Amino acid sequence: MLFKTAIVLLLLFVIVSLFTGFYFLMRDPSSSQRIIKALFLRVGLSLFIMLFLGIGIYFGWVLPHGFGQ
């Protein structure tokens, strides 16, 4: 249960980063680097989530299943 909670929290951080980048895109001048930092954070978190899920599947903390089974 702790593993799934961590995944959900990481996904929430990705969503917050998405909206933060959108806010900076709409409000900051075009020379701002905050949009790039928000994008880098979102991509980094997404890669970390994929790695974390792969480790969870490898150790049996998460059991993948197919649709309709």
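Visitor: Which residues does Ile7 touch, not counting residues up to four places away in sequence?

Guide: In this predicted model, Ile7 touches Ile49, Phe52 and Leu53 once residues up to four places away in sequence are set aside, where contact means heavy atoms within 4.5 Å. Local features need pLDDT of at least 70, and side-chain atom pairs count only at pLDDT 80 or more, whereas totals for chains, interfaces and linings use all residues. Residues are numbered from 1 along each chain, and side-chain values use heavy atoms, with hydrogens and water left out.

Visitor: Why is Ser17 called buried?

Guide: Ser17 has a relative accessible area of 4%, and buried means under 20%, exposed over 50% and partly exposed in between (1.4 Å probe, protein chains only), so Ser17 counts as buried. Leaving aside neighbours within four places in sequence, Ser17 is in contact with Ala38, Leu41 and Arg42.

Visitor: What makes Leu18 partly exposed?

Guide: The relative accessible area of Leu18 is 43%, which falls in between the two cut-offs.

Visitor: How do you know that the span of helix α1 agrees with its number of residues?

Guide: Helices are DSSP runs of H or I with at least four residues, numbered from the N terminus, and the expected span is 1.5 Å times one less than the number of residues. The 26 residues of α1 (residues 2-27) should therefore span 38 Å, and the end C-alpha atoms are 37 Å apart, which agrees.

Definitions and conventions:
Helices (H or I, at least four residues) and strands (E, at least two) are DSSP runs, numbered from the N terminus.
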